[in-house]
Amino acid sequence: MNATTICLAIGIALGFAAAFGGFGAFLIVLVFAALGLVVGRWLDGELDLAGLVRSAQAKGRR
């Protein structure tokens, strides 16, 4: 297992622990899973946060 998989699983588990039930819980689990995925991608070196920031800044200057 790589860091992306582990962090995604941790994010999902934390989401369930934080919210347990209803549509609001679904949204909270979705947010935690997305955060876990982003952190895992970053730890694996598959996500270039500096590149994303530069890209967003370049789009804002148009």
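Gly 36 is buried, with a relative accessible area of 8%, where buried means under 20%, exposed means over 50% and partly exposed lies in between (1.4 Å probe, protein chains only). The model is predicted, so that local features need pLDDT of at least 70 and side-chain atom pairs count only at pLDDT 80 or more, while totals for chains, interfaces and linings use all residues. Residues are numbered from 1 along each chain as its sequence is written, and side-chain values use heavy atoms, with hydrogens and water left out.

Gly 36 belongs to helix α2, which runs over residues 22-44; helices are DSSP runs of H or I with at least four residues, strands are runs of E with at least two, and both are numbered from the N terminus. Not counting residues up to four places away in sequence, Gly 36 touches Cys 7 and Leu 8, contact being taken as heavy atoms within 4.5 Å. Its C-alpha atom is separated by 9.5 Å from that of Ala 3, a residue 33 positions away along the chain.

Leaving aside neighbours within four places in sequence, Gly 40 is in contact with Ala 3, Thr 4 and Cys 7. Between the C-alpha atoms of Gly 40 and Ile 10 there are 9.9 Å, although the two residues are 30 apart along the chain.

## Helix α1

Helix α1 covers residues 3-19, and its 17 residues reach 24 Å from the first C-alpha to the last, close to the 24 Å expected at 1.5 Å a residue, an expectation calculated as 1.5 Å times one less than the number of residues. The buried residues of α1 are Thr 4, Cys 7, Gly 11, Gly 15 and Ala 19. They lie on the same side of α1 because they cover an arc of only 80° around the axis, the arc being that of the directions from the helix axis to the C-beta atoms. An α-helix has 3.6 residues a turn, so residues three or four places apart point the same way.

Ile 12, also in α1, is partly exposed, with a relative accessible area of 31%. Just after α1, Gly 21 takes a positive phi of about 130°.

## The salt bridge

A search of the whole structure finds one salt bridge, defined as a side-chain nitrogen of Lys or Arg within 4 Å of a carboxyl oxygen of Asp or Glu. It joins Arg 41 and Glu 46, whose closest N and O atoms are 2.4 Å apart. Arg 41 is partly exposed, with a relative accessible area of 36%, and Glu 46 is likewise partly exposed, at 47%.

## Overall form

The protein contains three helices and zero strands, in the sequence pattern α-α-α. Its radius of gyration is 15 Å, whereas a compact globule of 62 residues would have one near 11 Å; the radius is taken over C-alpha atoms, and the globule rule is 2.2 Å times the number of residues to the power 0.38. Along its principal axes, the C-alpha trace spans about 45 × 30 × 10 Å.

Of the 62 residues, 18% count as buried. The accessible surface comes to about 4,600 Å², with 71% of it belonging to carbon and sulfur atoms. Among contacts between residues at least 6 apart in sequence, 48% join residues at least 24 apart.

Definitions and conventions
Accessible areas come from the Shrake-Rupley method with a 1.4 Å probe; for residues, only the protein chains shown count as cover.
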